[in-house]
Each structure stands twice: as C-alpha cells, then as structure tokens.
Amino acid sequence: MAIYESEPNNTQSSADTLVLGEVIAGQAYGESDYYKITIPEPSAGVLKISMRTQSGTGSFSATTYDAAGSSLGSVTFSLTEAATWYAIVDKLPAGTYYVRIDDYYSTQATYELKVDSSVLSTAREDEPNNSNQYYRDWE
C-alpha cells in the first residue's frame with residue numbers, strides 16, 4: 001500500500017521524504033513534485049527509480065539530483081508506460097538525493113514512485129567467446 005505525497009512539495013526544501021523501497025503515490029496537475037531520499041552509508045551501486053501511472057493523460061518528466069543540485073539523469077515518458085530508470089554513480093556516496101517529477105505535457109494524472117539502491121554487476125565478457133566452446137551462461 002502506498003503512502004501519499006503532501007502538498008506543497010514543489011521545491012527541494014519542501015520535498016517529501018521517501019524511504020528506500022517504499023512506494024509513494026502522487027499527482028501531477030501542472031506542477032513539480034520533489035522527493036528526498038537518504039542513502040545512509042556508501043555503496044557500490046546506483047539509485048533505481050521506478051514509476052508507474054495510475055490514471056490520467058499526458059506525459060511526465062522525472063529528474064534525479066544529488067544534494068548539490070547536480071542532475072544525475074532524467075527521463076520523459078507517456079502515461080501509457082511504466083518507467084524504470086537508473087541514476088548511475090560509480091560509487092554511490094552516502095547522502096541525500098532528490099527526484100523531481102514534472103507535468104511535462106497536459107498531465108492530469110496520479111502516479112506511484114519507488115526508489116531503491118542497487119548494485120550493478122561488474123562482470124565482463126570472457127575472451128575468446130566466439131564459439132559454443134567458450135559459451136558463458138548468465139549468472
């Protein structure tokens with residue numbers, strides 16, 4: 001069950017706090033919604049941000065920022081899609097991060113947002129691998 005955003009949350013200073021792995025429901029009606037995420041300890045990973053729409057028409061724009069306000073990545077998608085994107089950082093420092101959701105195009109919609117911290121695989125392909133003899137299965 002999702003918790004619901006509070007208003008106003010249209011600036012970093014008024015951002016709703018989102019706990020890693022928790023789902024929050026929001027609505028985009030011609031505004032920006034900010035969410036604050038805290039990574040408690042350094043990790044070798046990424047922020048994984050998942051978003052899906054519940055109702056409405058139009059498109060969203062979503063951007064992830066570090067505490068200094070530098071963009072880590074963004075995506076724009078229509079409301080007929082469920083979207084997942086990664087804010088990739090070589091080593092994710094402990095600290096505060098923000099996700100901004102914008103009404104991109106005539107959106108009157110509700111959505112659900114979830115943020116997790118993940119570790120990307122550092123496995124590389126083995127060489128040579130150009131025949132079945134050298135086939136390596138997914139791990």
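Me: Where is Pro93?

Reply: Pro93 sits in the loop between strand E8 (83-88) and strand E9 (95-105). Strands here are DSSP runs of at least two residues, marked E and numbered from the N terminus. This is a predicted model, where local features need pLDDT of at least 70 and side-chain atom pairs count only at pLDDT 80 or more, while totals for chains, interfaces and linings use all residues. Residues are numbered from 1 along each chain as its sequence is written, and side-chain values use heavy atoms, with hydrogens and water left out.

Me: Why is Pro93 called partly exposed?

Reply: Buried means under 20% relative accessible area, exposed means over 50%, and partly exposed is in between (1.4 Å probe, protein chains only). Pro93 has 40%, so it counts as partly exposed.

Me: What does Pro93 touch, not counting residues up to four places away in sequence?

Reply: Ile39 and Pro42. Contact here means heavy atoms within 4.5 Å.

Me: What makes Phe60 and Tyr111 an edge-to-face pair?

Reply: Rings of Phe, Tyr and Trp (its six-membered ring) pair if their centres lie within 6.5 Å; planes under 30 degrees apart are stacked, over 60 edge-to-face, and the rest tilted. The structure holds 1 aromatic pair. Its ring centres, in Phe60 and Tyr111, are 5.2 Å apart and the planes stand at 80°, so the pair is edge-to-face. The pair links distant parts of the chain, with Phe60 in strand E6 (residues 59-66) and Tyr111 in strand E10 (residues 108-118), 51 residues apart.

Me: How do you know whether Phe60 and Tyr111 are buried or exposed?

Reply: Phe60 has a relative accessible area of 0%, so it is buried. Tyr111 is at 0% too, and therefore also counts as buried.

Me: Which residues have the most contacts inside the largest nonpolar core?

Reply: Phe60, Ile101, Tyr111 and Leu113, in a core of 20 residues. Strand E3 (23-29), strand E4 (32-39), strand E5 (46-55), E6, E9 and E10 each supply at least two of its residues. The largest share, 4 residues, comes from E10. A nonpolar core is a set of buried Ala, Val, Leu, Ile, Met, Phe, Trp, Tyr and Cys residues joined through side-chain atoms within 4.5 Å.

Me: What makes Arg100 and Asp102 a salt bridge?

Reply: A salt bridge needs a side-chain nitrogen of Lys or Arg within 4 Å of a carboxyl oxygen of Asp or Glu. The closest N and O atoms of Arg100 and Asp102 are 2.6 Å apart, so the pair meets that cut-off. Asp102 has a relative accessible area of 13%, so it is buried.

Me: How many salt bridges are there in the whole structure?

Reply: There are 2. Asp116 also forms one with Lys114, the closest N and O atoms being 3.9 Å apart. Asp116 has a relative accessible area of 23%, so it is partly exposed, and Lys114, at 32%, is partly exposed as well.

Me: Which side chain makes a polar contact with Asp16 at 2.4 Å?

Reply: That of Ser6. Another polar contact, of 3.0 Å, joins the side chains of Asp16 and Asn9. The term covers N or O atoms within 3.5 Å; within protein, one must be able to donate a hydrogen and the other to accept it, and residues adjacent in sequence count only if both atoms are side-chain atoms.
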